[in-house]
Amino acid sequence: MVRTRRHTVLPGFRLTMGYTIFYLVLIVLLPLLTLPIRSWELGWSVFQATVTDPRVLASYRLSLGAALAAAAINAVFGLVVAWVLTRYRLPGQRVIDALIDLPFALPTAVAGITLTTLYAPGGWLGRHLAAWGITVAFTPLGITLALVFIGLPFVVRTLQPVIDDLDLEIEEAASSLGATRWQVLGRVVLPYLSPAWLTGFALAFARSVGEYGSVVFIAGNMPMRTEITPLLIITQLEQFDYARATAIAVVLLLLSFLLLLLINGLQSWAGRRLST
Amino acid sequence: MALAFLVLFLFVPLLAVFTEALRFGLGAYAAAILQPDALSALRLTLLAAAVAVPLNLVFGVSAGWAIAKFDFRGKNILLTLIDLPFAVSPVIAGLVFILLFGRQGWLGPWLTDHDIRVVFALPGIVLATVFVSFPFVAREIIPVMQAMGREEEEAARVLGASGLQIFRRVTLPNIKWGLLYGVLLCNARAMGEFGAVSVVSGKIRGETNTLPLHVEILYNEYQFQAAFAAASLLAGLAIVTLVLKVVIERRLQRAMAVPGDPL
């Protein structure tokens, strides 16, 4: 790829760039920087004692585990949904397609209380699941379910344009050369989709790790069992234990930052793959 | 089969909000929405969005101009930093403002001396809302501006138009649907934000309670019908957002397809 640099005659670079950096620093970077600086002030021993506390570790395990499980479910389910919505014409397609974004548009607190009411033992859906001996609300399963709800659009929306670009002829060529349906899927379709698929997975995962509103109602919030990390941070704040809240939060922030870098790497990989 | 499950998974919750809200009829529904605490929560939510959306709109346009119309080093780093609020947990977004402006925060003593309240007051709520809805306009506008290229603006410049004239007459008509799309998403997030606002609000009824927080308080007090009535307003906002999104997307696709289209 050859990049040509050219001089532009357009005005306003210094003004807009200056304002962009100024606003970014003021609203995002400076506030976020307080977190590592404040946790640095705590000293290593306090920091270590806090983040290796069994209750804190249990919350990290739960937040990560449930987010991973939800992202994995969404990766499979989201692929199927994106495939069906892109490749087939169905009645009510537009409505269904618009509905995919509902978890984006619906405020998280509303999603939280609604899912809890639906999946509580006496709720519309929880009642039937209880008959099968499945308890969703107030268990790690409920947390995962809320995160599946929140994360679904990320996978579907990342995959849809890529599936749309995938030429039907390539698949037809593969099957006319004697490939079975599974071979076409495994050798042709999935490798082509994989960068976008991974990006969608990572986006859903990143969102789920820090998610609060949709989870907190259905979680039950029992220490060691169903207490997610964001809730634990709030609990510390309510007890005015800012030091512990800061230490717990900085680990979560670091993880989010690493995920963001990973996603950007994946996206540029996907971009390169598609442009060649 | 997959779609049946999808409809169940996405549509049933939406249906449930309105069913629960109307459980005791329209009278109870109206009473829940018209109680003073609900109305003041609604006012605060609208106010926070009314501050956050224009601020982030100006930023988005400014960032879009700088990033799409010029070449410079570190563009990718800048784009990653703009995405940062997406990646950060909303609870952390609230926490950082407590660490800055709270009583034990860096600026806390100074603020107390000057009798200014940021945390557990309106400014904190607005700040947290601005933070979480920060990337939306910029994220939508940058790709649109990049796709439009620079030739039209450059031509206008060569013909003697000033910067402001170029923006108003050339750029704005090209990007208006993208801009509107960004504003729509930004507004949905600003009005619906829960985690970040929950941390900085202090949840003083009638004073620092936004609509999502009002929903939480009612729910935790087992006033389920009233909670869902308030929630139905937010669900209504979500539906309006989705409908407008479809409309704007169609316009956007048309606008993006026009330049260079032989037909």
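Student: Is A:Val156 buried or exposed?
Tutor: In this predicted model, A:Val156 is buried, because its relative accessible area comes out at 0%, and buried here means under 20%.

Student: Where does A:Val156 sit?
Tutor: A:Val156 belongs to helix H8 of chain A, which covers residues 140-165.

Student: And which residues does A:Val156 touch, apart from those up to four places away in sequence?
Tutor: With those sequence neighbours left out, A:Val156 touches A:Gly78, A:Val81, A:Ala82 and A:Ile100.

Student: OK, now A:Thr199. Buried or exposed?
Tutor: A:Thr199 is buried, with a relative accessible area of 2%, and it is found in helix H10 of chain A, residues 181-210.

Student: What is A:Thr199 in contact with, leaving aside neighbours within four places?
Tutor: Setting those neighbours aside, the contacts of A:Thr199 are A:Thr158, A:Ile263, A:Leu266 and A:Gln267.

Student: Is A:Phe240 buried or exposed?
Tutor: A:Phe240 counts as exposed, because its relative accessibility is 53% and the cut-off for exposed is over 50%.

Student: And which loop of chain B holds B:Tyr222?
Tutor: B:Tyr222 lies in the loop between helix H12 (211-220) and helix H13 (224-257) of chain B. Its phi is near 60°, a positive value in a residue other than glycine, and B:Tyr222 is exposed, with a relative accessible area of 64%.

Student: Last one, about charge: which residues form the positive surface patch?
Tutor: The patch is formed by A:Arg94 from chain A together with B:Lys176, B:Arg250, B:Arg251 and B:Arg254 from chain B.

Student: Which helix gives the most to the positive patch?
Tutor: That is H13(B), which gives three residues.

Student: Where is A:Arg94, then?
Tutor: A:Arg94 lies in helix H4 of chain A, residues 93-99, and it is exposed, with a relative accessible area of 61%.

Key:
Residues numbered from 1 in each chain as written. Chains lettered and ligands numbered in written order. Predicted model: local features only at pLDDT ≥ 70, side-chain atom pairs only at ≥ 80, totals over all residues. Heavy atoms only, no water. Buried < 20%, exposed > 50% of the residue type's maximum accessible area, 1.4 Å probe, protein only. Helix = DSSP H or I, 4+ residues; strand = E, 2+ residues; numbered from the N terminus. Contact = heavy atoms within 4.5 Å. Patch = residues over 30% accessible without salt bridge, like charges linked within 9 Å, V, L, I, M, F, W, Y side chains within 5 Å. Areas by Shrake-Rupley, 256 points an atom, 1.4 Å probe, with all protein chains shown as cover. Salt bridge = Lys/Arg side-chain N within 4 Å of Asp/Glu carboxyl O. Lys, Arg positive; Asp, Glu negative; His and termini not counted. Charge placed at Lys NZ, Arg CZ, Asp CG, Glu CD.
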